[in-house]
Amino acid sequence: MLLAILLDAMNLVPGMAAIAAAIAVIGAALGIGKIGQSAMEAMARQPEASSNIQSGMIIAGALVEGATLFAIVVCLLAALG
């Protein structure tokens, strides 16, 4: 009984991996959008600090992109494995 349930679950893994990858990409898009929004508001309030704000924004965006890429690779490995 348990073996049958596990085998049925293995058939669902590629579809679930695709859904998980889509959720990771949507989360990254929302995160990067929020980073950009906050940076633009901060630059509007303090134009003299725009270079520091821009550097922080790029670093934060790169970290979000890295985590998203890692999530997509894990999803692809789950779908293929």
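Predicted model: local features only at pLDDT ≥ 70, side-chain atom pairs only at ≥ 80, totals over all residues.

Q: Where does L12 sit?
A: L12 is in helix α1, which covers residues 2–45.

Q: And is L12 buried or exposed?
A: Exposed, because its relative accessible area is 57% and the cut-off for exposed is over 50%.

Q: OK, zooming out. How many helices and strands does the protein have?
A: Two helices and zero strands.

Q: What does the span of helix α2 look like against what it should be?
A: Helix α2 runs over residues 50–80, and its 31 residues should span 45 Å at 1.5 Å a residue. The C-alpha atoms at its ends are 44 Å apart, so that agrees.

Q: Which residues in α2 are buried?
A: I53, G61, T68 and C75 are buried there.

Q: Take T68, then. Why does T68 count as buried?
A: Its relative accessible area is 10%, and buried means under 20%.

Q: What does T68 touch, leaving out residues up to four places away in sequence?
A: A24, V25 and A28.

Q: Back to the whole protein: what share of the residues is buried?
A: 14% of the 81 residues count as buried.

Q: And how much accessible surface is there?
A: About 5,900 Å², with 76% of that belonging to carbon and sulfur atoms.

Q: Last one: of the contacts between residues at least 6 apart in sequence, what share joins residues at least 24 apart?
A: That share is 70%.

Definitions and conventions:
Residues numbered from 1 in each chain as written. Heavy atoms only, no water. Helix = DSSP H or I, 4+ residues; strand = E, 2+ residues; numbered from the N terminus. Buried < 20%, exposed > 50% of the residue type's maximum accessible area, 1.4 Å probe, protein only. Expected span 1.5 Å × (residues − 1). Contact = heavy atoms within 4.5 Å. Areas by Shrake-Rupley, 256 points an atom, 1.4 Å probe, with all protein chains shown as cover.
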